Amino acid sequence: MDAVAVTDLVVDRGRRRVLPGLTFTVPAGQVTGLLGPSGSGKSTLMRAVVGVQRVTSGSVTVLGAPAGSPGLRHRVGYVTQAPSVYADLTVRENARYFAALYGRSSREADAAVADVGLGDAAGRLVGDLSGGQRGRASLACALVGEPEVLVLDEPTVGLDPVLRVELWERFHALARAGTTLLVSSHVMDEAARCDRLLLLREGALLADTTPAELRADGRSDDLEEAFLNVVRASGREAVR
Amino acid sequence: MSTTTHLSPRLTTTTAVRVLRQLRHDHRTVAMLLVLPSLLLGLLHLLWEDLPAVPGQPGTFDRVGLTMLGVFPFVVMFLVTSIAMLRERTSGTLERLLTTPLSRLDLLLGYGLAFGLAAALQAVVTVTVATTLYDLDVAGSVWLVVLIAVVDAVLGVALGLLASAFARSEFQAVQFMPVIVLPQFFLCGLLVPREQMAGWLQAISDALPLTYAVDALREVGRSAEATGTMWTDVGVVAGAAPLALALAAATLRRRTD
């Protein structure tokens, strides 16, 4: 079953066409990576999936309903690229507020804070935290809602390697429990951790694949190199 | 599936509590909110203290000072709210909130409730200081003055929320204050009595909510009993606030570029 289905999605921002017509699906209960360089349209695509992006044409369906429809707001969680939490509230207060919006208890909020490794910093103002800690506070505010679909825009930027591994383990644990995750990244070493990969370049879908397939298609065990080979191959095709 | 989200008193209250918590962490803002109007009123008191009053007329401070009790909360809450809402926008929290079950009206009413409560506290402090330290003469009940101040503050909040929808930067947001507030202040009848204004200016004055707030305060100032005119005035101001909130909700777009 597909958790997200995108059909002929066109998005213009100002006069610029950011997404020129995308079609793909995201399978339920898996971690799907949205990989591509900065400026390739990843964030725009994610905003369309959570229903805050004005779209020119095409359709985005999440869990069988149009993206952004009221019934989905309990079921879809979104973490923006820049941490979107209140800097003038403590980590705990932030988590408890978002918990309340999703109808969850304060206890569940505190558990979500502990889950992202911020248990010791729960009483500190978000504004006083490091960038990585803020990002995790932002993540906790989405996890607390236990959404069925979790859209994470570059959640591991600026995190130390140990924490990054821990978070990826957590993402997989969530997927095993049935959560669908759409995670964007611009570093290819994270691609290896995804079940499926969507490779985006200049708004176009270069490949809808798996890490194993990408290695085979790109004729390299190194995903970065495989990606480059696929890019070059598609470039040659375009020239022909 | 419904296409609209329903108002939720629980989420409105939760949001108001969150806004008040943010305020509580900012001690200087709280201190300024509570004390600043009293200090400014004190300055006006000193300014007019030794001027002889016209016999049979209320003293200038009694007239202007009382009016200011309605103007201060309006201006302050307008500014505080439009900046707070702009911060929601620039920090990305607004976009995030729009993906949660919180409805747009819940969010706006939450702000109205939070800053309305802050305004009530501010009004109690200012009215107490004005009537005790500065000997401000009010013929009617001081509680009516507090009520009018709070209704005024809520109007300021509502207009601030509406204005913030059109502000793309802090510079713009701050400049909406003179755009929205000063014309209302100039035309409310304090600087020039409304009867002496040119007809078309008076017509504009009739359409501006602050005019009614100032008129309501005058009524409380000169009659011991609450008058019908006063309640009508309060009703107009109290009606303008939800109108502005509804407009603010309508201009708050869920989908943006």
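This is a predicted model: local features need pLDDT of at least 70, side-chain atom pairs count only at pLDDT 80 or more; totals for chains, interfaces and linings use all residues.
**Chain A overall.** I began with the secondary structure and found 7 helices and 10 strands in chain A. I then took up the radius of gyration, which is 18 Å for chain A, close to the 18 Å that the globule rule gives for 240 residues, so the chain is as compact as a globular protein of that length. The C-alpha trace of chain A spans about 60 × 35 × 35 Å along its principal axes. I noted that buried residues make up 47% of the 240 residues in chain A, and that, of the contacts in this chain between residues at least 6 apart in sequence, 64% join residues at least 24 apart.

**Contact between the chains.** Counting across the two chains, I found 29 residues of chain A in contact with 26 residues of chain B. On the chain A side, the elements giving two or more residues are β6 (76-79) and α2 (91-101), and α2(A) supplies the largest share, 4 residues. By residue class, I recorded 15 nonpolar, 9 polar and 5 charged residues on that side of chain A.

**Nonpolar core.** The largest nonpolar core that I looked up has 150 residues, and those with the most contacts inside it are A:V49, A:A140 and B:A158. Helix α6 (residues 142-164) of chain B gives the most to this core, 16 residues. Domain 1 (2-36 + 55-187) and domain 2 (207-240) of chain A both give residues to the core, so it lies between them.

**A:A140.** Leaving out residues up to four places away in sequence, I listed the residues that A:A140 touches, among them A:A95, A:A112, A:V116 and A:L118.

Key: Residues are numbered from 1 along each chain as its sequence is written. Chains are lettered from A and ligands numbered from 1 in the order in which they are written. Two residues are in contact if their C-beta atoms, placed from the backbone, lie within 7 Å. Ala, Val, Leu, Ile, Met, Phe, Trp, Tyr, Cys and Pro count as nonpolar, Asp, Glu, Lys and Arg as charged, and the others, Gly among them, as polar. A nonpolar core is a set of buried Ala, Val, Leu, Ile, Met, Phe, Trp, Tyr and Cys residues joined through C-beta atoms within 7 Å. A residue is buried if 20 or more other C-beta atoms lie within 10 Å of its own, exposed if 12 or fewer, and partly exposed in between; C-beta atoms are placed from the backbone. Domain bounds come from an automatic or database domain assignment. The radius of gyration is taken over C-alpha atoms; the globule rule is 2.2 Å times the number of residues to the power 0.38.
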